[in-house]
Amino acid sequence: MDASAPTGRLSGHVAFVTGGGSGIGRAVCVRLARECASVAVVDVVADAAEATAALLREDGAAVIPITADVASRESVEAAVDEAWQRLGPIDILVNNAGIMGYRPFLRLTDADWDRTMAVNAKGVFLCSQAVARRLSKAHLPGTIINMSSIVSEVAIEFQAHYAASKGAVRMLTRAMALELAAHDITVNAVAPGVVETAMTADLLADPAVAEVTLPLIPLGRAAKPEEVAATVAFLASADARYLTGTSVTVDGGYLLR
Ligand SMILES: NC(=O)c1ccc[n+]([C@@H]2O[C@H](COP(=O)([O-])OP(=O)(O)OC[C@H]3O[C@@H](n4cnc5c(N)ncnc54)[C@H](O)[C@@H]3O)[C@@H](O)[C@H]2O)c1
């Protein structure tokens with residue numbers, strides 16, 4: 001993990017990061033903690049949440065691991081309650097948990113569609129509503145950052161279900177930004193291109209795929225999770241207080257052509 005660039009700009013803030021047990025989510029937890037936020041590391045895999053929390057504790061951060069499934073209202077409500085009680089009001093929500101699969105459209109199953117939409121789209125709805133309801137009731141400002149993808153803008157073969165879920169995240173970001181502005185809650189998205197995580201490890205390890213994919217990226221390489229986390233940290237900071245409803249593309253130029 002990148003040990004550079006820590007500042008105290010998130011001191012006094014409480015972050016709830018879903019999918020915090022791996023990849024981009026773990027890098028976001030590390031970055032926000034190094035900027036002095038308290039962090040709830042939320043993941044459906046208990047060991048993964050605990051492993052990220054252990055990393056943060058080494059740095060002396062205030063952190064709790066929470067096991068939760070973002071696709072379940074009951075699980076989300078319990079997780080948000082636990083974080084709120086133990087760390088204080090959650091004013092930074094990072095909806096990062098996501099799953100991705102490849103399947104030709106003609107062979108896509110109901111299960112592929114339902115689970116992808118449940119985690120990637122409904123999860124954003126459930127977590128955002130749970131946090132925003134509590135913030136508005138307490139008359140507190142906050143910010144929500146949703147992990148979208150370049151597939152909310154361009155079609156890639158065999159990813160219809162994933163693309164649909166990320167398109168939903170993109171529009172949910174705008175719709176929530178519009179309604180939550182009155183409550184002083186901003187909502188933005190981050191749209192990564194190809195990032196080196198467990199999600200893409202098999203693809204990038206396959207020379208045939210890497211030979212086709214990497215030349216599509218003008219900067220010539222996949223992103224490190226820390227490069228996405230840096231954008232999340234900016235959006236979580238006071239410097240981004242006037243941004244709402246927007247999407248920041250972090251793709252090394254992938255969408256330029
Ligand atoms: N890796 C990429 O190239 C890339 C590109 C664009 C967008 N994204 C998005 O970034 C986000 C993070 O992806 P990543 O590459 O770090 O993947 P990852 O597989 O490394 O991490 C995803 C994490 O989410 C957790 N998770 C999955 N389902 C969950 C659920 N129902 N409830 C709670 N946690 C759950 C997993 O256990 C895992 O820890 C995802 O939303 C993904 O769609 C990734």
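The structure is a predicted model, in which local features need pLDDT of at least 70, side-chain atom pairs count only at pLDDT 80 or more, and totals for chains, interfaces and linings use all residues. Residues are numbered from 1 along each chain as its sequence is written. Helices (H or I, at least four residues) and strands (E, at least two) are DSSP runs, numbered from the N terminus.

**Sheet**

- An open sheet is formed by 7 strands with parallel pairing, in the order β3-β2-β1-β4-β5-β6-β7; two strands pair if DSSP finds at least two bridges between them.
- The edges are β3 (63-67) and β7 (247-250); each has a single partner strand, so one side of each is left without a neighbour in the sheet.
- From one strand to the next, the twist averages 15°. Axes are lines fitted to C-alpha atoms, for helices over the stretch in contact, and angles run from 0 to 180 degrees between N-to-C directions.
- Between β1 (residues 14-18) and β2 (residues 38-43), the parallel pairing runs over 5 bridges. Thr18 has Val42 of β2 as its bridge partner.

**Helices on the sheet**

- Helix α1 packs on the sheet and touches β1, β2, β3, β4 (92-95), β5 (142-147) and β6 (185-192); contact requires C-beta atoms, placed from the backbone, within 7 Å. The direction of α1 makes about 170° with that of β1.
- Helix α8 (residues 225-236) also packs on the sheet, where it touches β1, β4, β5, β6 and β7. The direction of α8 makes about 165° with that of β6.

**Ligand shell**

- There are 29 residues around the ligand, and Gly19, Ser22, Gly23, Gly98 and Thr197 come nearest. A residue is near a molecule if its C-beta atom, placed from the backbone, lies within 6 Å of it.
- Helices α1 (23-34) and α6 (198-205) each supply at least two residues of this shell.
- The shell has 16 nonpolar, 11 polar and 2 charged residues. Ala, Val, Leu, Ile, Met, Phe, Trp, Tyr, Cys and Pro count as nonpolar, Asp, Glu, Lys and Arg as charged, and the others, Gly among them, as polar.

**Loop residues with positive phi**

- Cys36, in the loop between α1 and β2, is not a glycine but has a positive phi near 80°. Cys36 counts as partly exposed because it has 16 C-beta neighbours inside 10 Å.
- His139, in the loop between α4 (110-137) and β5, likewise has a positive phi, near 55°. His139 counts as exposed because it has 8 C-beta neighbours inside 10 Å.
- For these classes, a residue is buried if 20 or more other C-beta atoms, placed from the backbone, lie within 10 Å of its own, exposed if 12 or fewer, and partly exposed in between.

Methods:
Two residues are in contact if their C-beta atoms, placed from the backbone, lie within 7 Å.
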